[in-house]
Every structure is written in C-alpha cells, then in structure tokens.
Amino acid sequence: MGETSIYLTVIYNTQRIRVHTDKKINPKFWNSEIQKARQGLTGYSSFNKWIKDVDAYVSKIDVDWKNQNSNKKEIPLLPGNILKEKLRKYLSKETKQERE
C-alpha cells in the first residue's frame with residue numbers, strides 16, 4: 001500500500017473546514033485514534049511536531065479573531081472562508097520562519 005495525502009480537517013463550531021496539505025503518509029504508519037504518525041515512520045517525531053504546530057496555528061487564528069473583535073458587543077463567529085484561507089496560506093509556507 002502506498003502513501004496517501006493528509007487533509008487537515010477543522011471543526012469550528014458547526015463549520016467543517018477541510019484543507020489539502022502537501023504531506024503524505026503510508027496508512028500503516030497513521031494512528032487514526034490519536035491523529036498522529038506511529039513510531040515506525042521514519043521522521044515520525046518531526047511529522048507529529050508539524051501536526052502540533054498546525055494545531056497551535058488554528059488556535060492562534062481563533063484568538064486573533066476574538067482580539068480583533070473584542071470591541072463588539074458580541075464577537076461574531078470566524079467565517080469559514082477566512083479560516084480556510086489563513087490555513088492555506090500557512091500550509092503553503094516552506095519554513096517555520098516564513099510561517100511566523
């Protein structure tokens with residue numbers, strides 16, 4: 001069995017956002033219960049760090065949105081198209097320095 005693409009799926013309130021990544025993995029090295037690479041994958045540690053970094057970025061998007069709208073009586077939900085575009089831009093960056 002060959003490698004398969006990794007898609008990032010974010011559920012934000014009731015919105016489901018799905019974004020293609022450039023990452024691929026052989027399914028035998030993917031632990032679907034915890035959504036991480038298994039130790040048998042060469043470079044699994046850096047692969048899982050990448051997942052953790054993406055997760056942190058999603059949280060940052062949410063915090064930034066709330067901060068930008070903190071002056072409003074009620075903070076509106078982050079529109080799915082904005083979340084998706086920010087994720088696409090983040091995932092298109094090659095290095096950590098480019099993403100910061």
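A salt bridge is taken here as a side-chain nitrogen of Lys or Arg within 4 Å of a carboxyl oxygen of Asp or Glu. The structure, a predicted model, holds three salt bridges. Local features need pLDDT of at least 70, side-chain atom pairs count only at pLDDT 80 or more, and totals for chains, interfaces and linings use all residues. Residues are numbered from 1 along each chain as its sequence is written, and side-chain values use heavy atoms, leaving out hydrogens and water.

Helices (H or I, at least four residues) and strands (E, at least two) are DSSP runs, numbered from the N terminus. Accessibility is given as relative accessible area, with buried meaning under 20%, exposed over 50% and partly exposed in between (1.4 Å probe, protein chains only).

| Salt bridge | N to O distance |
|---|---|
| Lys49 and Asp53 | 3.0 Å |
| Lys60 and Asp64 | 2.6 Å |
| Lys66 and Asp62 | 3.1 Å |

Lys49 and Asp53 lie four residues apart in helix α1, about one turn of the helix. The spacing of four residues in α1 also holds for Lys60 and Asp64, and for Lys66 and Asp62. An α-helix has 3.6 residues a turn, so residues three or four places apart point the same way. Lys49 is partly exposed at 45% relative accessibility, and Asp53 is partly exposed at 24%. Lys60 is partly exposed at 45%, as is Asp64 with 28%.

Helix α1 covers residues 44–68, 25 residues in total, and reaches 36 Å from its first C-alpha to its last. This is close to the expected 36 Å, where the expected span is 1.5 Å times one less than the number of residues. Its buried residues are Phe47, Asn48, Trp50, Val54, Tyr57, Val58, Ile61, Asp62 and Trp65. They pack against strands β1 (4–12), β2 (15–25), β3 (30–31) and β4 (36–37), and against helix α2 (80–92); contact means heavy atoms within 4.5 Å.

**Aromatic pairs and charges over rings**

Rings of Phe, Tyr and Trp (its six-membered ring) pair if their centres lie within 6.5 Å; planes under 30 degrees apart count as stacked, over 60 as edge-to-face and the rest as tilted. By this rule there are three aromatic pairs. Phe47 and Trp50 form a tilted pair, 6.1 Å centre to centre with 55 degrees between the planes. Because Phe47 and Trp50 are three residues apart in helix α1, about one helical turn separates them. Both Phe47 and Trp50 are buried. Tyr57 and Tyr90 are stacked, at 4.2 Å centre to centre and 10 degrees between the planes. Tyr57 lies in α1 and Tyr90 in α2, so this pair ties together parts that are 33 residues apart in sequence. Tyr57 and Tyr90 are both buried. Ring pairs also link Trp30, Phe47 and Trp50 into a cluster.

A charge sits over a ring if NZ of Lys or CZ of Arg is within 6 Å of the ring centre and within 35 degrees of the ring normal. Lys23 lies over the face of Trp50, 5.2 Å from the ring centre. The charged end of Arg18 sits over the ring of Tyr7, at 4.3 Å from its centre.

**Nonpolar cores**

A nonpolar core is a set of buried Ala, Val, Leu, Ile, Met, Phe, Trp, Tyr and Cys residues joined through side-chain atoms within 4.5 Å. The largest core has 16 residues, of which Val10, Leu83, Leu87 and Leu91 touch the most other members. Elements giving two or more residues to this core are β1, β2, α1 and α2, and α1 gives the most, with six residues. Leaving aside residues up to four places away in sequence, Leu91 touches Leu8, Val19, His20, Thr21, Trp50 and Val54. Another core, of five residues, lies apart from the largest one and has among its members Ile6, Ile25, Ala37 and Leu41.

**Backbone in two loops**

Most residues other than glycine have a negative phi. Asn13, in the loop between β1 and β2, has a positive phi of about 55 degrees. Asn13 is partly exposed, with a relative accessible area of 46%. Gln35, in the loop between β3 and β4, also has a positive phi, near 55 degrees. Its relative accessible area is 44%, so Gln35 counts as partly exposed.
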